[in-house]
Amino acid sequence: RASDAAKHAHEFFERSVKSNNPGGSIDCAKGCFMCCTLYVSATAPEVFLVAEYLRNETPERFNEILERVRAVDRDTRYMDDRARLPTRIRCPLLGSDDACVAYSVRPSACRGFVSSSLEACKRGYAGNGNETIPRPPMWWQIRGAQNFAVEAAMIESGLPPTHYSFANALRIAMENPDAEERWLKGEHVFANVMPDSFEADNSPQVRAARVAALIAAAMAQEVPDSGIEPAG
């Protein structure tokens, strides 16, 4: 299952974080929701994992969350990160205690976004989004490694490595229990969901070269010489 692959990737992320020096303190804590009003993108396997997790809730609870997801989908459809920022629309997975109801299966975008300064987050949330949020680089480096590995696996499997607007894709996955099976068969179940310009500072050629190198290394093949400097 694609969702199993996402779970494995998240476990890799968590083990990597625990095994490395973060290079700074983390001020994030349960109930701190400010970054949960930002735009979030996720791969299809990550979306399916969250939808599967939520199906373990009672039917009443599942439908309650689905209605929140539908509302956010309606309000944010086709918004990119810049358009979403000033709206302060809360993630539909935030509970009444401002904690994530699917925290253990949250997408990598949520896992990698951490802050070393609660005060900076408060200023950014109250301001216009120009506040620089300090964060240990290790978190972003591990998130980048996780994303490239997942993309490489999808490309090698003949599946689209697209990152989608999370709430919009989650609505489709929750409404269609067979969405994961159809996606694995090649159906574009998220065809109407806006794809994310993930790491837009990297050209498609650069990303393709890095993914090709990952695939070659994983398959014990000679890594192609792309002439591209390693990612920072």
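These legends describe close-up views of a predicted model.

**View 1. Helix 3 packs against helix 8.**
Helix 3 covers residues 59-76, and helix 8 covers residues 166-175. Their axes lie 8 Å apart, at an angle of about 140°. The two helices are therefore oblique to each other. Their crossing is left-handed. Helix 3 brings Phe62, Ile65, Leu66, Val69, Arg70, Val72, Asp73 and Thr76 to the contact. Helix 8 answers with Ala167, Asn168, Leu170, Arg171, Met174 and Glu175. By class, the residues of this contact are eight nonpolar, two polar and four charged.

**View 2. Helix 2 also packs against helix 8.**
Helix 2 spans residues 44-54. The angle between helix 2 and helix 8 is about 50°, and their axes are 9 Å apart. That angle makes helix 2 oblique to helix 8. The crossing of helix 2 and helix 8 is right-handed. On the helix 2 side, look for Val47, Phe48, Val50, Ala51 and Leu54. They meet Phe166, Ala169, Leu170, Ala173 and Met174 of helix 8. This contact of helix 2 with helix 8 has 10 nonpolar residues, with no polar and no charged ones.

**View 3. Helix 1 packs against helix 2.**
Helix 1 runs over residues 2-19. Its axis is 7 Å from that of helix 2, and the angle is about 100°. Helix 1 and helix 2 are therefore roughly perpendicular to each other. The contact of helix 1 with helix 2 divides into five nonpolar, two polar and three charged residues.

**View 4. Four aromatic residues form one cluster.**
The members are Phe48, Tyr164, Trp183 and Phe190.

**View 5. The charged end of Arg90 sits over the ring of Phe33.**
The distance from the charged end of Arg90 to the centre of the Phe33 ring is 5.1 Å.

**View 6. Arg135 places its charged end over the ring of Phe113.**
Here the charged end of Arg135 is 5.8 Å from the centre of the Phe113 ring.

Technical notes. Residues numbered from 1 in each chain as written. Predicted model: local features only at pLDDT ≥ 70, side-chain atom pairs only at ≥ 80, totals over all residues. Heavy atoms only, no water. Axes fitted to C-alpha atoms, helices over the stretch in contact; angles between N-to-C directions. Helix = DSSP H or I, 4+ residues; strand = E, 2+ residues; numbered from the N terminus. Parallel < 35°, antiparallel > 145°, perpendicular 65-115°, else oblique. Left-handed = near helix turned anticlockwise from the far one by under 90°. Contact = heavy atoms within 4.5 Å. Nonpolar A, V, L, I, M, F, W, Y, C, P; charged D, E, K, R; others polar. Phe/Tyr/Trp six-rings, centres within 6.5 Å; stacked < 30°, edge-to-face > 60°. Lys NZ or Arg CZ within 6 Å of the ring centre and 35° of its normal.
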